Amino acid sequence: MERSEQRYLEDDETPIMKTIKGATTGLAAGTIWGTIVATWQDVPRVERNVALPGLIRTLKMMGNHGLTFAAIGGVYIGVEQLVQNYRGKRDFVNGAVGGFVSGASVLGFKGRSIPTALSAGAAFAFTSAVLDVGGQQTKVDVGKEYSVYTTEKRASSIK
């Protein structure tokens with residue numbers, strides 16, 4: 001293993017923290033997506049025994065989508081970290097394996113069919129591999145550290 005690859009494996013965050021962050025981000029994104037989907041659909045008629053049926057339906061959709069996205073994010077990051085630590089490499093294969101397992105397990109379980117599981121896993125694996133190979137990352141290491149504040153005094157504009 002090269003020295004430059006070892007630097008990426010020695011992160012400050014543990015794999016468990018990365019998994020928790022992935023699940024939390026998935027929960028937030030899924031909740032927002034559930035809200036959007038709920039507004040696209042027709043509001044049900046008012047029922048006698050149910051107070052605020054539109055709000056209840058919206059909250060159920062938000063929770064359903066939020067938990068699904070949280071499970072996908074948590075499983076994806078968790079499996080990716082496991083594979084990365086097992087293989088000792090940081091490349092597109094880790095993300096592809098994580099994508100396949102997360103798509104196959106979560107969406108396959110939700111769809112209750114093996115063909116759905118295989119197609120969802122393949123789609124997630126392909127998407128993750130293409131993004132990793134293409135270098136589409138949200139964080140780019142430019143080698144600079146930025147200070148929160150400066151130690152130099154500014155020139156005063158008041159005379």
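Q: Is Asp91 buried, exposed or partly exposed, and how do I read that?
A: Buried means under 20% relative accessible area, exposed means over 50%, and partly exposed lies in between (1.4 Å probe, protein chains only). Asp91 has 29% relative accessibility, so Asp91 counts as partly exposed. Arg87 is partly exposed too, with a relative accessible area of 30%.

Q: What should I know about the model itself?
A: This is a predicted model, where local features need pLDDT of at least 70 and side-chain atom pairs count only at pLDDT 80 or more, while totals for chains, interfaces and linings use all residues. Residues are numbered from 1 along each chain as its sequence is written, and side-chain values use heavy atoms, with hydrogens and water left out.

Q: How many salt bridges does the structure hold?
A: Side chains of opposite charge can pair when their charged atoms come close. A salt bridge is a side-chain nitrogen of Lys or Arg within 4 Å of a carboxyl oxygen of Asp or Glu. The structure holds one: Asp91 pairs with Arg87, and their closest N and O atoms are 2.8 Å apart.

Q: At what angle do the axes of helix α4 and helix α5 cross?
A: Helices are DSSP runs (H or I, at least four residues), numbered from the N terminus. Axes are lines fitted to C-alpha atoms, for helices over the stretch in contact, and angles run from 0 to 180 degrees between N-to-C directions. Here α4 (residues 92–111) and α5 (residues 114–133) cross at roughly 150°, and their axes come within 7 Å. That makes α4 roughly antiparallel to α5, a label for angles over 145 degrees.

Q: Which residues make that contact?
A: Contact means heavy atoms within 4.5 Å. Among them are Phe92, Gly95 and Phe100 of α4, and Leu118, Phe124 and Asp132 of α5.

Q: How close do the axes of helix α3 and α4 come?
A: The axes of α3 (residues 53–87) and α4 come within 8 Å and cross at roughly 145°. Residues of α3 including Ile72, Tyr76 and Arg87 meet residues of α4 including Val97, Val101 and Lys110.

Q: Is Ala70 buried or exposed?
A: Ala70 is found in helix α3. At 14% relative accessibility, Ala70 counts as buried.

Q: What does Ala70 touch?
A: Leaving out residues up to four places away in sequence, Ala70 touches Ala23, Gly26 and Leu27. Ala70 and Gly22 are 48 residues apart in sequence, and their C-alpha atoms are 7.3 Å apart in space.

Definitions and conventions: Helices (H or I, at least four residues) and strands (E, at least two) are DSSP runs, numbered from the N terminus. Angles under 35 degrees count as roughly parallel, over 145 as roughly antiparallel, 65 to 115 as roughly perpendicular and the rest as oblique.
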